[in-house]
Amino acid sequence: MNPTILAIESSCDETSAAIIKKGKVLNNIVATQSVHENYGGVVPELASRAHQQNIIPVVDQALKEAKIDKTELDAIAFTKGPGLLGALLVGSSFAKSLAQGLNIPLIGVNHMQAHILAHFIDDPKPSFPFLCLTVSGGHTQIVLVKDHLDMEVIGETHDDAVGEAFDKSAKLLDLPYPGGPLIDKYASQGDGQAYTFPDSEMEGLNFSFSGIKTAFLYFLRDNLKKDKNFIKNNLNNICASLQFSLIRMLMGKLKKASNKLGIKEIAIAGGVSANSGLRNILTDMALENNWNVYIPEFQYCTDNAGMIAMTAHFKYLKSQFEDIKTSPDPRMKF
């Protein structure tokens, strides 16, 4: 089977559509919502309204660029969860209506599973089994990937996600939203050893980032009491030190998982995998530990429909379809 599938992603603040044909992603159209910059974070109601405005133009552009008529589609895929309920409802409702109108199958996709399967869009592709560090604004997980649709979470955060730690820390530094990429930018010009922040004490392969957020808050408060220009005068070193500490926590658990399971096929996925500091340190650790490392192309790191399409392709081959009565699940698990 070589299906042609339209995929839709609407889990947060990106409206995206993609076409996959014969297992190859033909395009990946993304409409970004800039309105949230005014509020320092994603406003769910505004996100869902923007999805309603963007979804038809984005789908239309994906079909036209791929030179595919909707009557040629074999299935419609959509992000079922996790994500913002209002945003998910826009994508799922559109997908269900289109699938029903065309009388073709409907495929619901787990957003986090799709981040991992983004590694199968382009070469090189990891071999099974492999470990994937999945890092985003809402999730931080180490996943054992046994097959395309057979995955097991073996470690995860017990509180905040690492992406949230980046964004909340950026807000404390009075950086505009989204602040994570700005921390990465300033960190590239600073000294990661200038200041130290504590690691979490979580056992096993699990994470905790609430402690370092609190420590960072007190660090800034204490230093601003001494020097009101402390942040302005030391921004690069502050960002570099914070980023180094967060990445050290991630890499420590990933190395522990690799040693425990004897797996040297290592991948990263999710929005935070676009962080240059994380990519550089992972590349260095690959040389030290003889790992084969896989990092998706930048456009497939952040939320996108290309990864939804790739996952839908594998689900189509297994006839894993959804009933038309299906509903989105904002807290969807693997």
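**A loop residue and the helices beyond**

Modeller: Asp160 is placed in the loop between strand 8 (150–156) and helix 4 (162–172). The model is a predicted one. With a relative accessibility of 15%, Asp160 counts as buried because the cut-off for that class is under 20%. Its side chain makes a polar contact of 2.9 Å with the side chain of Lys213. Leaving out residues up to four places away in sequence, Asp160 touches Phe209, Ser210 and Lys213.

The axes of helix 4 and helix 6 (residues 210–226) come within 10 Å and cross at roughly 15°. Angles under 35 degrees count as roughly parallel, and helix 4 and helix 6 are therefore roughly parallel to each other. Their crossing is right-handed.

Helix 1 (residues 44–66) packs with helix 2 (residues 85–102) at an angle of about 30°, their axes being 9 Å apart. That angle makes helix 1 roughly parallel to helix 2. Helix 1 passes helix 2 in a right-handed crossing. Helix 1 contributes Ser48, His51, Gln52, Ile55, Ile56 and Val59 to the contact, while helix 2 contributes Gly86, Ala87, Val90, Gly91 and Phe94. The residues of this contact divide into six nonpolar, five polar and no charged.

Helix 2 also holds Leu88. Leu88 has a relative accessible area of 0% and is therefore buried. Between Leu88 and Ser10 there are 78 residues of separation in sequence, yet the C-alpha to C-alpha distance is 5.5 Å. Apart from neighbours within four places in sequence, Leu88 is in contact with Ser10, Ser11, Thr79, Lys80, Gly81, Pro82, Gly83, Pro328, Asp329 and Pro330.

The peptide bond from Gly81 to Pro82 is cis, with omega near -10°. Pro82 is in the loop between strand 4 (75–81) and helix 2. Another cis peptide bond joins Asp123 and Pro124, where omega is about -5°. Pro124 has its place in the loop between helix 3 (111–117) and strand 6 (130–135). Most residues other than glycine have a negative phi, and most peptide bonds are trans.

Phi calls for a remark at two further positions. Lys22, a residue other than glycine, has a positive phi near 55°. Lys22 lies in the loop between strand 2 (14–21) and strand 3 (24–32), and at 57% relative accessibility Lys22 counts as exposed. Asn290, also not a glycine, has a positive phi of about 60°. Asn290 is found in the loop between helix 8 (276–289) and strand 10 (292–294), and at 58% relative accessibility Asn290 counts as exposed.

Definitions and conventions. Residues numbered from 1 in each chain as written. Predicted model: local features only at pLDDT ≥ 70, side-chain atom pairs only at ≥ 80, totals over all residues. Heavy atoms only, no water. Helix = DSSP H or I, 4+ residues; strand = E, 2+ residues; numbered from the N terminus. Buried < 20%, exposed > 50% of the residue type's maximum accessible area, 1.4 Å probe, protein only. Polar contact = N/O pair within 3.5 Å; in protein donor to acceptor, adjacent residues only side chain to side chain. Contact = heavy atoms within 4.5 Å. Axes fitted to C-alpha atoms, helices over the stretch in contact; angles between N-to-C directions. Parallel < 35°, antiparallel > 145°, perpendicular 65-115°, else oblique. Left-handed = near helix turned anticlockwise from the far one by under 90°. Nonpolar A, V, L, I, M, F, W, Y, C, P; charged D, E, K, R; others polar.
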